[in-house]
Amino acid sequence: MVLVWILGGFLAYWVLVTVLDSRGVLERYNASAAGPLIMFRTVRGRDLLDRLASPKRFWRAYANVGVAIAGLVMVASFVLLLRIAHLSIFQTPEPSQITEPQNVLVIPGVNDFLPLSVAPEILAGLLIGIVVHEFGHGILCRVGDIRVDSMGAVMLAVLPFGAFVEPDEEEVGEASSAERTRMFAAGVTNNFVLTVVAFVLIALSLSAVQPLDGVGVQNVADGSLADGVVEQGDRVVAVDGNEVGSTDAFFGALGGSAGEEVVLTVASPDGATREERLETGAPGVEISTVQSDSAAEAAGLQEGDMITSVDGEEVTNAQAFVSVMGELSPGDEVGIEVLRDGETVSVGTTLGESPRGEGAFLGVGYLTNAQRVGVTPYDIGTPYSLLTSLNPVDWVLAIYLPLGAAVGVSPFFGFDGFILSFYELAGPASALGGAFWVVPNVLYWTAWVNFNLGLFNCIPALPLDGGHILKEGLRKAVSPVTSGEATDRLADSLTIAVAVAMFGSMVLMIVAPRLL
């Protein structure tokens, strides 16, 4: 019902904006409508652009570097998308969460990887990114002696939605190809530079933050051994007395546990430490599924059986089971002992061949200790180490932390919620309390938005900056064989062809796994 009221109010607002624009009311205030958005124009600020553009040699060198970067990104994105399209047609991948249609949209609450809670930070980063992007175009216009007719703000009701710079179109057409190319590249260059600045500031701000020991508890499965014992926001600092500082160490310690209980040393958000003993029962491997027409089915193995021995070798946990099976071959006749309803049952069977063609195959699914315990760990150190690094490669990896759940690592959406219990503030920053986290969060999403805004605008397709840069490059490339309007027509046709290939590849990436 609330959503209906919100949509109804938005439509009413849109109608009002359209009416005001059609009756010339907005024009009285140097404004016009673009859908539900209102563009307020002004000539103020042009003197500021002139002053900023005064070191022309610097800005031309700066923009030339930007042209090179944009060119590399354009080529890389074109090749990558064509490769993805090829794989989508001839080696159709299984549908994945990343390629779900809604995840193409950068809308918090709609995109699976962008929770609604980060919407304010993303909007702030977007606003900063658009302003910086447009100012880049404006400055390079003046560097190239292209007049700026107006500049201004884009509003959605009372909310700032962006900014724009409107150059004189006639002077843009009369400018040299080099000046136009630099002007088009300036926006994305500013976005990438702002990304770098934001990451440096993040690293500086996080010098006041100390990650705590252990692995965080991200989630606890219903009905698992840890359900009701361990809670989200707790930290597991040791398993059976062995310290764990990463998710790999956590899973390794659980996988190696062979007793009738697992002892977790748990730290609560308030810092109190306790030991939780989780009864795992007799050592062995619990069967969760039995595959049809398999050696396990032929032997009469059942779901819930606890495998304790294979071919005379004791099986105390999943690691031991995998190790024993690795020593056997297809066709081997083996004896298997299981616990069933508290009694030991002995069976025999002939092992089959693994569907992957790699060794012997029994045909059972089994629960690991980690699955039975049911704790989804959070790697406390990963986001912290990436965000405090000054290595650009780590920055790129940090950009994709929100996709963590899709690639098997702990997702990161900023320092918020239960994640805050995994870090502590040191020094003067501790006096700020929760207000401190606004700084790294806004900086992170500003970096995230500007990096992706730069990449998106580098796509070689009109009306994006990448499309304009490509068109200028193609004009130069075809000028030896054509002239005048023929050059423009050929460059336009080639640019459109590249754009069709790019967007066709993007559509295939989403659609092919579901249709082919």
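## A nonpolar surface patch

V193, V196, V197, V200, L201, L204 and L390 make up a nonpolar patch on the surface, and together they have about 560 Å² of accessible area. The model described here is a predicted one.

One member of this patch, L390, sits in the loop that runs between helix 12 (381–387) and helix 13 (392–399). L390 counts as exposed because its relative accessibility is 60%, and the cut-off for exposed is over 50%.

## Helix 8 and what covers it

Helix 8 spans residues 247–255, and its buried residues are T247, F250, A253, L254 and G255. Which elements cover these buried residues of helix 8? Among the strands, the cover includes strand 6 (215–220), strand 7 (235–239), strand 9 (261–267) and strand 19 (375–378). Helix 10 (318–326) and helix 11 (369–373) are also part of the cover.

## T265 in strand 9

Strand 9, part of the cover over helix 8, holds T265. Is T265 buried or exposed? T265 has a relative accessibility of 15%, so this residue counts as buried; the limit for buried is under 20%.

When neighbours within four places in sequence are left aside, the contacts of T265 are R235, V236, V237, A238, T273, R274 and E275.

## V324 in helix 10

Helix 10, another part of the cover over helix 8, contains V324. V324 is buried because its relative accessible area is 11%, which falls within the class of under 20%.

With residues up to four places away in sequence not counted, V324 touches V310, E313, E314 and V315. How many Å separate the C-alpha atoms of V324 and P440? The separation is 49 Å, and these two residues are 116 residues apart along the chain.

## The second largest pocket

Rolling a probe the size of a water molecule over the atoms shows where empty space is left. In this model, the second largest pocket holds about 310 Å³ of space. Its lining consists of 14 residues, and those nearest the centre of the pocket are F321, M325, R356, A360 and F361.

Which element supplies the largest share of the lining of the second largest pocket? Helix 10 does, with 4 residues. Helix 10, strand 17 (360–361) and strand 18 (364–367) each give at least two residues to this lining.

Note on methods
Residues numbered from 1 in each chain as written. Predicted model: local features only at pLDDT ≥ 70, side-chain atom pairs only at ≥ 80, totals over all residues. Heavy atoms only, no water. Buried < 20%, exposed > 50% of the residue type's maximum accessible area, 1.4 Å probe, protein only. Contact = heavy atoms within 4.5 Å. Patch = residues over 30% accessible without salt bridge, like charges linked within 9 Å, V, L, I, M, F, W, Y side chains within 5 Å. Areas by Shrake-Rupley, 256 points an atom, 1.4 Å probe, with all protein chains shown as cover. Salt bridge = Lys/Arg side-chain N within 4 Å of Asp/Glu carboxyl O. 1 Å grid on protein atoms, 1.4 Å probe; cavity = no way out; pocket = protein on both sides within 12 Å on 5 of 7 lines; lining within 4 Å. Points joined across faces, edges and corners; volume = space filled by probe spheres on them.
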